[in-house]
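Let's walk through this structure together, one piece at a time. Keep the picture in view as you read.

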Amino acid sequence: MLMGNCLLLILWCLLDKSFVSPMHSSAQSKLGKEHHRGLRDQRRHGLSGLHRVKRGWVWNQFFVLEEYMGTDPQYVGKLHSDLDKGDNLVKYTLSGEGVGSIFTVEPTTGDIHALRSLDREEKPYYALRAQAVDVLTGRPLEPESEFIIKVQDINDNEPKFLEGPYSASVPEMSPVGTYVIQVTATDADDPTYGNSARIVYSILHGQPYFSVDPKTGVIKIALPNMDREVKETYQVLIQAKDMGGQLGGLAGTTIVNITLTDVNDNPPRFAKSIFHLRVPESAPVGSSVGKIKAHDLDLGKNAEVEYSIVPGDSSSMFDIYTDEQTQEGIVVLRKPLDYENRKAYSFKVEASNPHLDSRFLHLGPYKDSATVKVSVMDVDEPPLFSRSSYNMETYEDTPMGIVIGAVTAEDLDIGDSPIRYSIEWRKDDENYFDIDPVEGTITTSEALDRERTAKHNITVVATKVNNPLLYSRVSVTISVLDVNEFPPELSHPYEAFVCEDAKVGQVMLTQ
């Protein structure tokens, strides 16, 4: 018995410093009764002095349930002093947070009530002070004690995703288990009490493509070979449920918008195996012949295409380069075309990716080929002379109308138009020649004198009858040949003398 009382006394000393609810020990109860009896005796004899006595009450924590919905004030607990004999000579008072507006105490019984519903998430506890007062004198019977009224949590808050909705991206074709994003829900309930704030994550919409770790909220790839070209965006609905996910727990949801980013897993592909282009034979060197395109389902750099012409019979006539904006292959002319010489060309073009991803090389070659056929279109061209220039000869003093020579031009176009010839008239030159407009034969129209003009340069014009706007010019040089038409003459008269006895063969005069 003595050992038990000692243990109770030690426990009372410990609780006196840290707890705030009335607790009693038999030894202290006896001391309190004797002390209270002494106080009553003092009051009867008119003594008003107050002597410090050993405390007769010990306070522990009080609890009040949050979100109380009853019609009567919620009972919190009871204040009681060992000096209170139930004769209404002790009055209990409260002071501190919420006294009067939230908490009230019945002065004679010490019963504490909460006057209104409380929210733990608004304020989790209240610090108050209690006092036992002598009703007759108004003086404290014991020192003031502090205690806590803690608002007891209930599961009245659902988990919330404060940062949602979320957006994330992950490369397409990522392996199963690849990290995507982590979502986090918070619960305003007390994490130290029960399971009210114990959250479990799950996917409501988004399977089988993604999974979520029930404890951490980490979202990962759950399906292999997810192809951006098949489906690029996904909307995943994540749920966070408290009470450890048990039945009756509250839940909150958030949306996670996940985009698959592009990787180079597609080669360029021509839509057809043969491209037909047409180009006029008059197209200048360096001009565009036409466009071809290989389509790549990837994006950005992964969709860039390089074009090249495979060496062959017609490869030297054309070149190809990539339009950086449209990724089209622009075919350009490298040499002049001549419809009459060659009407069609054919060559092979390759399209390839310049930026390769080694992870996907096993899927096949990242290039494709197609045949380009170029048809040369005939253009109505001027007549073509048989020579680039003509040289003719005739003797001076040739009678007028004699044929000196002829020029020839022809129309190489499909229409094969007749040709008409003429001599280009020059204002400052004499016109010594005529030309037959149909045959192209050149004749003299005036007498020629080599000693006056040894060479004549004329320009002959050939014009197409079907299109007089198309004509060609050629230079004709006519050389005048000398004719022995003058006897020799002495430059001036000479006089010679000879002796009568001159010998045969003797020189008489030198000119």
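Two strands pair if DSSP finds at least two bridges between them; strands (E, at least two residues) are DSSP runs, numbered from the N terminus. This is a predicted model, where local features need pLDDT of at least 70, side-chain atom pairs count only at pLDDT 80 or more, and totals for chains, interfaces and linings use all residues. Residues are numbered from 1 along each chain as its sequence is written, and side-chain values use heavy atoms, with hydrogens and water left out.

Start with β4 and strand β5 (residues 111–114), which run antiparallel and are joined by three bridges. Here Phe103 stands opposite Ala114 in β5. Both strands belong to an open, antiparallel sheet of three strands in the order β2-β5-β4. Because β2 (74–78) and β4 (103–105) each have a single partner strand, they stand at the edges, and one side of each has no neighbour in the sheet.

Now move along to strand β31 (residues 471–481). With β24 it pairs in the parallel sense over seven bridges, and Leu481 of β31 is the bridge partner of Tyr395. Strand β30 (residues 455–464) pairs with β31 in the antiparallel sense, over nine bridges. Between β30 and β31, which form a hairpin, lie six residues.

Finally, look at Thr394 in strand β24 (residues 389–395). Thr394 counts as buried because its relative accessibility is 8% (buried means under 20% relative accessible area, with a 1.4 Å probe and protein chains only). Leaving aside neighbours within four places in sequence, Thr394 is in contact (heavy atoms within 4.5 Å) with residues including Ile404, Leu448 and Leu481.

Notes. Helices (H or I, at least four residues) and strands (E, at least two) are DSSP runs, numbered from the N terminus. Buried means under 20% relative accessible area, exposed over 50%, partly exposed in between (1.4 Å probe, protein chains only).
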